Amino acid sequence: MRVALTGASGIIGRFAARALCRAGHDVTPLDRAHGWTLGQPAPLQGHDALIHCAFAHTPGRYRGGEGDDPAAFVAANLDGTRALFDQAVQARVGRVLFVSSRAVHDGHPPGMRLSDNLPAAPTTLYGQVKAGAEAHLATLPLIGCAIRATGIYGPGPAHKWRALFADYLSGRPTPARIATEVHAADLARALVLLLSTPAPLPTVNCSDLVLDHHDLLAIVRDVSGIGHPLPPHADVLRLRIPDCEALIAAGWQPGGHRLLRRTVRLLLRD
């Protein structure tokens with residue numbers, strides 16, 4: 001299958017590109033390194049599928065990623081994404097996979113289990129932009145699926161836990177927090193799987209671990225041998241946990257705690 005991949009050099013896109021190539025797909029990268037940015041016309045003619053991972057935001061932030069220019073944030077990420085999806089229809093691309101976010105669930109009650117087909121209830125501009133793009137995709141005459149990915153972790157020069165690890169290793173206080181997480185490689189495998197799923201749901205969740213800072217930093221302690229105090233456990237009862245029944249039914253198997261431990265070792269080494 002010939003696949004156009006936006007955001008190919010980002011944390012998700014890098015893993016997706018490798019997974020797609022290993023699966024035998026022909027990948028066309030669309031990103032700044034290849035002369036394309038979100039909002040520009042995309043060369044989609046002749047492609048069987050589009051996977052849209054690109055997102056314009058303040059470095060290191062998604063919620064709040066609009067910085068001091070929310071209008072530009074919406075123009076790039078909502079208007080630009082809608083236009084990209086419309087271009088896919090015009091180019092007769094048969095399938096679009098859109099990397100959305102768990103942020104579309106933020107307005108649901110604390111402690112609620114989140115099903116794959118749950119209506120969006122965003123509370124932030126980031127969540128509203130993702131939900132708006134999902135809604136537009138659902139109206140188009142092609143096979144479309146929005147993957148509501150949870151917090152994404154993985155190796156890279158600006159990995160999400162760099163500041164947290166640095167604080168712990170330096171003996172500075174670390175906050176209590178609990179969240180759902182998925183490795184970028186597991187998300188990439190989900191994208192490859194959804195390319196060949198005959199009729200995917202319009203929205204699916206992608207989440208693996210319920211991870212407390214206490215337990216994450218306990219791994220850091222064990223790997224590093226540095227025994228600073230751990231933060232207290234956070235309140236798991238208020239956490240909204242996504243069900244991933246659609247992906248699991250299709251054969252998706254995330255890496256769980258084994259992959260987490262291997263990744264923490266890599267992050268600390270780097």
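## Close-up views of a predicted model

**View 1. Arg113 counts as partly exposed because its relative accessibility is 47%.** Here, buried means under 20% relative accessible area, exposed means over 50%, and partly exposed is anything in between (1.4 Å probe, protein chains only). This is a predicted model, where local features need pLDDT of at least 70, side-chain atom pairs count only at pLDDT 80 or more, and totals for chains, interfaces and linings use all residues. Residues are numbered from 1 along each chain as its sequence is written, and side-chain values use heavy atoms, with hydrogens and water left out. The side chain of Arg113 meets that of Asp243 in a salt bridge, 2.7 Å from N to O. That term covers a side-chain nitrogen of Lys or Arg within 4 Å of a carboxyl oxygen of Asp or Glu. The pair ties together distant parts of the chain, 130 residues apart: Arg113 sits in strand S5, and Asp243 in the loop between S11 and helix H7 (245–249). Helices (H or I, at least four residues) and strands (E, at least two) are DSSP runs, numbered from the N terminus.

**View 2. Arg189 and Asp186 form a salt bridge at 2.3 Å, N to O.** Side chains of opposite charge can pair when their charged atoms come close. Both residues belong to helix H5 (residues 184–195), and because they are 3 residues apart there, about one helical turn separates them. So how covered are the two partners? Asp186 counts as buried because its relative accessibility is 0%, whereas Arg189 is partly exposed at 38%.

**View 3. Arg172 and Asp167 make another salt bridge, with N and O 2.7 Å apart.** Arg172 is partly exposed at 42% relative accessibility, and Asp167 is partly exposed too, with a relative accessible area of 25%. In total, the structure holds 7 salt bridges.

View 4. With a relative accessibility of 1%, His105 counts as buried. The side chains of His105 and Asn205 make a polar contact at 3.3 Å; that means a pair of N or O atoms within 3.5 Å, where within protein one must be able to donate a hydrogen and the other to accept it, and residues adjacent in sequence count only if both atoms are side-chain atoms. Leaving out residues up to four places away in sequence, His105 touches several others, including Leu114, Leu118, Ala121, Arg148 and Arg240. Contact means heavy atoms within 4.5 Å.

**View 5. Ala121 lies in the loop between strand S5 (113–114) and helix H3 (125–138).** Beyond four places in sequence, Ala121 touches Val104, His105, Asp106, Gly107 and His108. Ala121 and Ala131 are 10 residues apart in sequence and 8.1 Å apart in space, C-alpha to C-alpha.

**View 6. Helix H3 is mostly covered, with 10 of its 14 residues buried.** Among the buried ones are Tyr126, Val129, Lys130, Glu134, His136 and Leu137. Helix H2 (70–90), S4, strand S6 (143–149) and strand S9 (203–206) are included in what covers them. H3 reaches 20 Å from its first C-alpha to its last, close to the 20 Å expected, where the expected span is 1.5 Å times one less than the number of residues.
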